[in-house]
Amino acid sequence: MKIQAKNSNEAIWKDLYARTKLPEQLAPLQEMATNLWWVWNHEATDLFERIDAGLWEKTEGNPALFLQKLSHKRMNELTADQEMTGRISHVYSLFRNYVQAPPDRSRPSVAYFSMEYGLTSVLKIYSGGLGILAGDYLKEASDSNIDLVAVGFLYRYGYFTQSLSMDGQQIANYEAQDFNQLPLAQMLDDAGEPLVLEVPYPERTVYAHVWKVSVGRVPLYLIDTDIEENSDWDRFITHQLYGGDWENRMKQEYMLGIGGMLLLNRLGIKKQVYHCNEGHAALINAQRLADCIRNEKLDFNEALEVVRASSLYTVHTPVPAGHDYFDEALFGKYMSGFAEKLGIGWQDFIDMGRENPGSSEKFCMSTFALNTCQEANGVSWLHGQVSRQMFAPNWKGYFPEELHVGYVTNGVHMPTWTASEWKTYYAKVFDPNFLNDQSNKAIWEAIQLAPDAEIWDIRKKLKNKLVDYIKVVYRDNWLKNQGDPLKVVSLLEKINPNALMIGFGRRFATYKRAHLLFTDLDRLAQIVNNEKCPVQFVFTGKAHPADGGGQGLIRHIVEISRRPEFLGKILFLENYDMRLASRLISGVDVWLNTPTRPLEASGTSGEKAEMNGVLNFSVLDGWWYEGYKPGAGWALTEKRTYENQEYQDQLDAATIYHMLEDDIIPLYFSKNSKGYSPEWIQYIKNSISQIAPDYTMKRMLDDYISRFYNKLASRSAELAEGNYALAREIVEWKRDVAAHWNAVAVESFRHNDSMAHVVVGEDNVFQVVIDRKELKGAVGIDFVCTREHPESHTLEFISTTPFALVKEEGSRLHFELKMKASEFGHLKVGFRMYPVHGKLPHRMDFPYLRWIQPE
């Protein structure tokens, strides 16, 4: 018998992660590496860099990976170095004193939900402004000692890494993250095994692991469905941020909302306020309603009162098309079972996501959020106005100006985005309590007394760091993309730190109008090639992979930058991320922003620039509409001259050239014998003292607490008292109104003169008698004054004046209004009746009304 020549089964492999074990003296480094406190505390990052500068750069500033790769030899050297071990102990002491501080119980506790968080470039779970804002929010919540917990996703591929082809075409590269090399920890169950979250989806269960990111004192829990227990279809849920088709988006928002609340339930976490950062998280309230009905034994309407009273929805988009809408069939595929859980019909449930209940509209997550959150807000003053206009159809009969939708203007986390040079300088010239009192302009005013030369030295140092960074980091990329090494060498030589450097960094959406600068290339060439007053422009940004227009714009800018007259004068830096952003917003001289008004909800990149003495040149839109101060930056008017956008773009481009040529460039180059412009330095001082204090994340968080969190926590607690007695009372009152509202009758309506001819300044008396019939509660009446717009013929709100209840006879209510007419011209006035309950937060909570016909 012949002996078999081969006998081998298929190889069996098992994942094995070999980690460096740190000596006891170095153990504090591990604890600090897994808490993102190091992101905004330069003492920590300086420490890691000092340990091994080459390795720190090679690991891209990721301390978790850095420690894994730290050599045994270097560890032994460190343990023998008393100066280094002493430095480690000092930084660790700062860290422990910080994280051990108990939360401030005098302010409401918060659960925060967002699809993305921009905390560090190391953790690729963000795409742009929305995520950066959420990340900054967690950092400031930590600094301010707020009892806050956050929920999001741990994406396997995150958002894409951008590279450019030879012809300037954007290439989106999705690179898998190795979670074991990131500064986070996997949550374990009581048996020490990975915690598995079970989320019921239609006809199946989707399983998820949970990871914890410690953001200083704040825990961020990230859901991860890319595990073996799931099908490939469900593993994809947390593969990409904003990736896949509409069904995957539905699955993601289901997981964030339903799964996010189930996760907090599993961890035993309850908070006073639940904050949806955009409509993506709206379904948290579907799960909260179901929990409330099951656990508190309330019916649907009672549960809705309770859930709504503790919920806030923040909108970040200024146009209806930016919200998520789902076909009824797709939405029903995932949510049809919830109607039964809530004890209501399917039609009632899906109508909670429609502006017009009973219609065939798609289900809108934002509308559902508005209907299940007591409070809502935009992210700047102007965006608040735009949001009221956008959401007005949800509350018919009320004008946008009357709505409860508020605003909190976005801010930035100062310790994260302020360069260490400025942080050191601020610590030197500002009050020692500065970081705890960032909105106090009196503290910032001290910058006015700083020597001009010291301000200029910081600005020069930061610009040189940016130039060095560009030359080192982008040299290889340009060699790859430009093809001609000599051209790349020439390009690098032309990057001039003595030039006025203007930066433009943001998402390449068409409304951002990055193309404006290139409207007149001959004029632009004259600007950048002035030998006495050299100017350079640095562009960066990503376009969504599905946005062909944005990608075309990037390619157009790259093509222009390669022309001989623009080589080295116009740069496009690929792969805009937090690391590059921090260099740009601190290194350029001017930050340029040219959006189509009012499509910039807020914008925060210019606010980051403010913290670093970089001056803004922007359209009066978003935050700059509020922030602009003459003598501290430059502004393009918010007013339109042309309805035709192409004509308006041409006018705005001409204005940009004019302001550069006549104002900005001459100011910068009006240099004295010491090599700087005193007038430019004064602009910097004005910018820091007059603008920066209003746009910190500290101010923003304080605004959320004072404008929303306090009232939500207070009212929700009031509703819950006595086994939800007040919630039940309000629901009974609403039921009574719903049953009897149509029967309420207007018995009489009298006016002391003709309604058609009113004389300004003369007294007018209106008297109305209402028979409320079987209605138990009170009603109110408004006098509503409007004016018709001469072109659009829409009604423009002027004012409302309430009637006074002067007598009550059984079911009859006698109202009277005495007023002097104060508006001239052709007006349109109306009279509006509405139900009244003293414990409603605002009229939009129960928007019943009826317009009354005067006699």
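Analyst: A charge is said to sit over a ring if NZ of Lys or CZ of Arg is within 6 Å of the ring centre and within 35 degrees of the ring normal. This is a predicted model, in which local features need pLDDT of at least 70 and side-chain atom pairs count only at pLDDT 80 or more, while totals for chains, interfaces and linings use all residues. Residues are numbered from 1 along each chain as its sequence is written, and side-chain values use heavy atoms, with hydrogens and water left out.

User: Which ring does the charged end of arginine 707 sit over?

Analyst: The ring is that of tyrosine 407, whose centre is 4.8 Å from the charged end of arginine 707. Arginine 217 is likewise placed over the ring of tyrosine 98, with its charged end 3.9 Å from the centre.

User: Why is the aromatic pair of phenylalanine 48 and tryptophan 56 called stacked?

Analyst: Rings of Phe, Tyr and Trp (its six-membered ring) pair if their centres lie within 6.5 Å, and planes under 30 degrees apart count as stacked, over 60 as edge-to-face and the rest as tilted. By this rule the count comes to 57 aromatic pairs. In the pair of phenylalanine 48 and tryptophan 56, the distance is 5.4 Å centre to centre with 10 degrees between the planes, and the pair is therefore stacked.

User: What makes phenylalanine 48 and tryptophan 56 buried?

Analyst: Buried means under 20% relative accessible area, exposed over 50%, and partly exposed in between (1.4 Å probe, protein chains only). Phenylalanine 48 counts as buried because its relative accessibility is 0%, and tryptophan 56 is buried because its relative accessible area is 9%.

User: Why is the pair of phenylalanine 766 and phenylalanine 831 called tilted?

Analyst: The centres of phenylalanine 766 and phenylalanine 831 are 5.3 Å apart and the planes make 55 degrees, so the pair falls under tilted. Both phenylalanine 766 and phenylalanine 831 are buried.

User: What is the phi of glutamate 60 and of glutamate 203?

Analyst: Glutamate 60 has a positive phi of about 55 degrees although it is not a glycine, and for glutamate 203, also a residue other than glycine, phi is positive and near 65 degrees.
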